[in-house]
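Today I am opening a new page for a structure I wanted to look through.

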Amino acid sequence: MTPPDPAGEASAARGADRALKAAARHSAGRTTAVFGCSVAASCAALAEPAVLGHTLDLLLRRDPAGGPWTLWCALVITAEVLLDAATVRLGGGVDARSTAWLRRFALGRLLRTAPHHAARHAPGEVSARLTAHATEAGIVPAAVATGAASLLPPLGGLVALFLIDVWTALAFLAGLPLLALLLRAFARDSGASVGRYQQVQLAMAGRLVEALAGARTIAAAGTAARERDRILAPLPELGREGRQMWRIYGATTARTAALMPLLLYVVIGVGGIRLSAGALTVGGLLAALRYAGLAAGVGAVTGKLATVVRGRTAARRTAALFDLPELVQGEAELPPGGPGTLELRGVRVVRGGSVVLHDVDLLVPGGATAALVGRSGSGKSVLAAVAGRLTACDGGLVLLDGVPLDALSPAALRREVGHAFDRPALFGDSVGAAIAFGAGPEPQPAAVRAAARQAAADPFVRRLPDGYDTPVADAPLSGGERQRLGLARAFCHAGRLLVLDDATSALDTLTAGEVERALAHEVRPGTRLVVAHRLSAAARADLVVWLDAGRVRATGTHAALWHDPDYRAVFAAAGTPAAAPGRASAPPAPPADPAGEPAGVEAVR
Ligand SMILES: Nc1ncnc2c1ncn2[C@@H]1O[C@H](COP(=O)(O)OP(=O)(O)OP(=O)(O)O)[C@@H](O)[C@H]1O
């Protein structure tokens with residue numbers, strides 16, 4: 001068992017309080033109105049028995065003052081009913097707004113943070129934080145507002161009962177345990193409606209999980225806002241089911257009210273005896289009965305308290321997402337027509353407390369293809385993510401055509417910097433839409449098909465039952481086909497910098513060669529940063545950046561680096577035999593054959 005961490009607990013509690021205060025501030029006016037209405041309703045409820053009892057006594061005595069007092073009765077009862085209704089109506093609105101605010105804020109943080117921060121939270125856990133926990137937390141502001149006021153009727157009722165008649169009050173106190181037993185029978189019935197509500201919640205959670213799995217793609221495509229709208233689309237249905245739940249809640253409350261007479265019979269019995277003994281008037285008995293009813297409502301206060309406690313605990317869970325750091329973005333634009341010169345100056349990246357990139361300096365000239373090579377874990381993917389601003393660096397600067405990436409507007413960044421990944425997530429209703437997915441204007445179908453051809457995806461897409469219109473879910477895709485669709489998407493939106501992180505790892509050598517040639521000659525020209533495990537990719541690159549344990553060990557052409565046995569060992573470690581036994585000191589591989597692997601490499605395979 002993990003020992004309790006008091007500091008962590010305290011910080012989580014502070015986070016929960018901050019989140020709840022922020023949610024309450026978001027609907028401060030309405031929350032104040034809920035408080036005002038519930039206090040006023042409680043005061044009216046306390047005044048009502050006294051006014052009714054007094055009026056009844058006046059009417060029984062045929063006192064002329066009875067007429068005006070009847071009007072007072074009507075006024076107090078009307079005010080109580082209207083104020084109660086307003087409290088419930090306004091309270092429901094505050095609940096919905098606070099919940100929506102908590103969800104939107106946390107979801108926004110989740111989609112705007114760097115993917116490695118988001119990945120710290122498991123998808124299922126995130127969906128629970130954003131659905132059930134946010135709902136429970138969202139009802140706290142209104143519950144606090146009404147909870148304070150809901151103490152007034154039971155306390156005031158008990159005091160009034162003692163003031164009217166001590167024996168009747170004692171009879172009431174004796175019957176309270178019976179009421180507690182009867183109230184326990186009420187925790188049922190809303191099951192079906194709650195079930196449907198939760199089903200819609202789950203549908204939303206499913207979309208969210210999908211989006212989380214593709215968080216890098218969404219970040220790369222700059223479609224966080226569109227994705228948020230897609231996730232929240234079932235909200236109207238959730239609203240309908242929520243209202244149905246409230247109707248059931250209302251009916252349950254009415255049944256609770258019907259039980260109350262059982263306790264009141266005890267009060268009537270004792271009150272009747274006191275009436276016949278002349279210690280109580282008829283109006284006094286009526287008032288005593290009504291006050292007993294109010295005093296019996298003490299259970300509702302406990303319920304409210306439990307709601308607040310549960311909600312605060314739930315808020316801690318949702319608020320954990322509030323602290324996710326946002327990726328800094330600016331408003332700068334790139335110089336028009338720039339070549340895509342990529343520069344890293346002293347870039348340092350820390351992950352899990354360890355430095356994984358150490359003060360990396362690198363210059364990739366505009367239009368050049370740079371291959372990132374190195375042993376597994378040397379920092380290639382981290383460098384690729386930093387270069388494309390999927391994540392921020394902890395020190396140093398990354399510049400594209402002289403503009404720091406953190407100063408760029410999100411639109412400029414995603415228009416000019418594209419990514420393709422080893423395991424791309426595919427968004428969109430059809431295969432064609434999955435290729436077209438991205439920020440900015442929707443690409444024409446011809447552009448989508450051209451990108452698919454460049455990524456060697458067109459032949460297999462055309463073989464699908466409905467070609468480009470085939471729903472992604474109905475397209476059985478191999479790892480390599482999925483990768484080709486991811487590449488097609490990146491090619492379709494190619495800007496001045498394209499970052500390919502192991503994006504051809506699942507392709508056979510021949511297909512990878514086709515894609516590399518198309519990338520060199522057909523895709524929009526620009527700078528390419530390619531995480532490469534294949535010799536062919538390194539050999540074709542204008543520049544190889546050799547990473548070793550988070551540092552740039554050397555840069556140069558593949559042919560020049562090939563002299564170094566440690567460099568050749570990198571490819572052996574990656575699963576590509578660098579040299580046959582006895583060939584460790586073989587002459588450097590000749591420059592790449594533009595159509596395939598370097599000649600010397602084929603010989604050792
Ligand atoms: N979110 C993270 N938390 C902790 N450590 C991380 C995180 N991301 C990366 N690392 C570490 O950073 C180092 C570099 O990782 P990276 O993924 O860049 O390696 P790579 O060179 O791309 O490896 P491979 O070729 O196997 O994909 C690794 O040691 C990895 O464990």
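I began with helix 21, whose buried residues are Arg482, Gln483, Arg484, Leu485, Gly486, Leu487, Ala488, Arg489, Ala490, Phe491 and Cys492. Buried here asks for 20 or more other C-beta atoms, placed from the backbone, within 10 Å of a residue's own. Helices are DSSP runs of H or I with at least four residues, strands are E runs of at least two, and both are numbered from the N terminus.

A note on the source: this is a predicted model, where local features need pLDDT of at least 70, side-chain atom pairs count only at pLDDT 80 or more, and totals for chains, interfaces and linings use all residues. Residues are numbered from 1 along each chain as its sequence is written.

Back to helix 21: 11 of its 14 residues are buried, so the rest of the structure largely encloses it. I looked up its packing partners and found strand 6 (417–420), helix 18 (431–436), helix 19 (445–454), strand 7 (497–501) and helix 22 (509–521).

Of its 155 residues, Ala292, Ala371, Leu372, Ile435, Ala488 and Leu529 touch the most other members. Domain 1 (6–319) and domain 2 (342–604), with bounds from an automatic or database domain assignment, both contribute residues, so this core lies between them.

Last, I checked the ligand. Among the residues surrounding the ligand are His116, Arg351, Lys380 and Ser381. Helix 16 (residues 380–387) gives the largest share of that shell, three residues.

Notes. A residue is near a molecule or strand if its C-beta atom, placed from the backbone, lies within 6 Å of it. A nonpolar core is a set of buried Ala, Val, Leu, Ile, Met, Phe, Trp, Tyr and Cys residues joined through C-beta atoms within 7 Å. A residue is buried if 20 or more other C-beta atoms lie within 10 Å of its own, exposed if 12 or fewer, and partly exposed in between; C-beta atoms are placed from the backbone. Two residues are in contact if their C-beta atoms, placed from the backbone, lie within 7 Å.
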